[in-house]
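Please look over the structure below before reading on. The paragraphs that follow go from the whole chain to single residues.

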Amino acid sequence: MKTKPDLSFWKLWNLSFGFFGVQIAYALQSANVSRIFATIGADPHDLSYFWILPPLMGLLVQPVVGSLSDKTWNRFGRRLPYLIAGALVAVLVMCLLPNAGSFGLGISSAIIVGLIALMLLDTSINMAMQPFKMLVGDMVNEKQKGLAYSIQSFLCNAGSVVGFVFPFLLAWIGIKTTAPSGIVPDSVIWSFYLGAAILLICVIYSLIKIKEWPPKVYAEYNGGEPASPDGKKAKANIFRLLKDAPSTFWTVSLVQFFCWFAFLFMWTYTTGTVATNAFDTPVANKIDAITDGSSTLAGKYILIGDTVTIVEAGQPMVRGIMHDGTLLEASTILSASGDTLVKDRKIHYTAQGPATAIGAKIGNRGETITIDGNPVTLSSEATIADYLATLSGPVSFSAGASVNRDHNTGRIEVMEREEISLPDASAASYVTHKDIDTSSAQYNAAGDWVGILFAVQAMGSVLWAIMLPRFRSRRFSYALSLLLGAAGFILAGLVTDKYLLFIPFLLIGCAWAAMLAWPFTILTNSLKGGNIGTYLGLFNGSITIPQIVAAITGGWILSAFSTPGEIAPQYIMMIIAGVSLAIGALCLGIVKEGDGKARVKEAVAESED
């Protein structure tokens, strides 16, 4: 087997440059998925479940891409066809995901649309990301792999910085940061549009600059049977490959488990933690049910006789105003100054938050307000009234597990409904729980700030990545990085000043840098033969499986620390993430790099001959 030649810096750069665009897409997903689903109306205890799909798709897709690309060769190359397919799908889905709440659907339907978009986005990102890891394994010798993965780490973090700061920068130039309840702000939507455009440009650049080795040349440098132009190659049995995997594959995977478990919690719970700790986000009382003491009807959508919605997305709908002891029904209400207070029977939100609230005073005697386009001069104080406060007599209520709204007619169709009839509606009350007001200006400011914090983490990762090669021991630098990250996670759950939060996220960046650089360097130095792509795909399980475990258990863990009816203490999850990362650092004690270092010395010696 011939020794791979040294590549120039720019050839190493070109092998990984497309990672910049892919990572922008991944950063936008990482920083905004919890925010998007919370805005649509998801409960904080359910947020981790939405994160099952990304790692699950990675677990399924990356080994398949690795295995298929090991056997592929066509006019576009070996790995690049999968980059093209993944990137094109990612560009389309990035335009769909942030709009999941904008189609006039009910919460359940909007969440389903968002989940489908998230599944497709992560599938396509994994398809686009994996080829770059494989190209380094294919074309870079052992002596230069550390540099190659460092370049990849730099581009990865640079892309992360851009993706993370997009919502903040767009808000800074004046793009809207608030939207009606259930709809994602424009600053986030346009961030995804820009990310999609940059990803497309990066893919085109990669196709122009990267020239993969043809099958026979690949076989000369990597060993094993070359793939023929028609894609035929001796099949590698995945279970046999796992059985024959070097011990390094398994020990590094154990370390990876605790690392990625921790970072899944960061992506899921940072926005909620920062919103409550550092931005004084107001509390909203979300309606869970209606009860009269004997009968209870639960549902985020609650209707009178299947026709009139009185609760939507956990919030009471406005019926009108109470004025001089009389109910004046209204769909739209403007204040005396012309500000919109109620629109389509919903409390209207402005950049400063809700314009008013149920029961709030909206005018004084002598002032003129506008109700459904008609001026009304107040003879006494007026207050906003909801349906439950103005009902009396026997009333039948319905709630739906799934609600579809006809965007043209406003008709609501309730499926899987249950009903209760109350003999005296005036005796009924709402069953509520406290939650972060995800439509508030403070929550959206916190969401934008999380992008800045993640960008700080990425910049810290870039700086720390420069230091990593200076350590004589990879294991020591790996363990030190994870311990610094553990301290960062714990501090991130406790710090209440938004600027002081830069410190813990810089520390988290140290762990991230090591996680991007060392696992693949250690693993690929222990691999030989023509199945490197398959092994790297299988090794991706050490990234995806812990995330799936964290996503499944996250809601249960958060519930264990929650008080019923009160705001979920999401900061606890950051502290748990820190403990997990510290355990990962301890597990590095059993990692052995095998003969990787010896082969590096052999490669260096051969290149000098």
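A residue is called buried when its relative accessible area is under 20%, exposed when it is over 50%, and partly exposed in between, with a 1.4 Å probe and protein chains only. This is a predicted model, in which local features need pLDDT of at least 70 and side-chain atom pairs count only at pLDDT 80 or more, while totals for chains, interfaces and linings use all residues. Residues are numbered from 1 along each chain as its sequence is written, and side-chain values use heavy atoms, with hydrogens and water left out.

Begin with the whole protein. Of its 609 residues, 57% are buried. The secondary structure comprises 17 helices and 21 strands; these are DSSP runs numbered from the N terminus, with at least four residues (H or I) for a helix and at least two (E) for a strand. The protein exposes about 24,300 Å², and carbon and sulfur atoms supply 62% of that area. Accessible areas come from the Shrake-Rupley method with a 1.4 Å probe, and for residues only the protein chains shown count as cover. A contact means heavy atoms within 4.5 Å. Among contacts between residues at least 6 apart in sequence, 77% join residues at least 24 apart.

Ser 30 belongs to helix H1, residues 9–40, and counts as buried because its relative accessibility is 2%. Along the chain, Ser 30 and Phe 263 are 233 residues apart, yet their C-alpha atoms are separated by 9.9 Å. Apart from neighbours within four places in sequence, Ser 30 is in contact with Trp 51, Trp 267 and Phe 454. Ile 151 lies in helix H6, residues 142–172. Its relative accessibility is 5%, so Ile 151 is buried as well. Ile 151 and Ala 517 are 366 residues apart in sequence and 9.4 Å apart from C-alpha to C-alpha. With neighbours within four places set aside, Ile 151 is in contact with Phe 9, Leu 12 and Trp 13.

Now turn to the aromatic rings. A pair of aromatic rings is described by the distance of the centres and the angle of the planes. Rings of Phe, Tyr and Trp (its six-membered ring) pair if their centres lie within 6.5 Å; planes under 30 degrees apart count as stacked, over 60 as edge-to-face, and the rest as tilted. By this rule there are 29 aromatic pairs. Why is the pair of Trp 260 and Trp 267 called tilted? The ring centres are 6.1 Å apart and the planes stand at 50°, so the pair falls in the tilted class. Trp 260 counts as buried because its relative accessibility is 5%, and Trp 267 is buried at 5% too. Phe 261 and Phe 265 form another tilted pair, with 4.9 Å from centre to centre and 55° between the planes. These two residues are four apart in helix H10 (residues 247–278), so about one helical turn separates them. Phe 261 is buried at 12% relative accessibility, and Phe 265 is buried at 0%. Ring pairs also link Tyr 26, Trp 51, Trp 260, Phe 263, Trp 267, Phe 489 and Trp 512 into a cluster.

Next comes a sheet. Strands of a sheet pair through backbone hydrogen bonds, either parallel or antiparallel. Two strands count as paired if DSSP finds at least two bridges between them. Here five strands form an open sheet in the order E10-E9-E8-E14-E15, with antiparallel pairing. Its edge strands are E10 and E15 (374–377), each of which pairs on one side only.

E8 (residues 333–334) and E9 (residues 340–343) pair over two bridges, and the bridge partner of Leu 334 in E9 is Thr 340. The hairpin of E8 and E9 has five residues between the strands, and Gly 338 there takes a positive phi near 95°. E9 also pairs with E10 (residues 346–347) over two bridges, where Lys 343 has Lys 346 as its bridge partner. Two residues lie between E9 and E10 in their hairpin, and Asp 344 in the turn has a positive phi of about 55°.

The last stop is Asp 437, in the loop between strand E21 (429–436) and helix H11 (441–467). Not counting residues up to four places away in sequence, Asp 437 touches Thr 281, Pro 282, Ala 284, Tyr 349, Pro 354 and Tyr 443.
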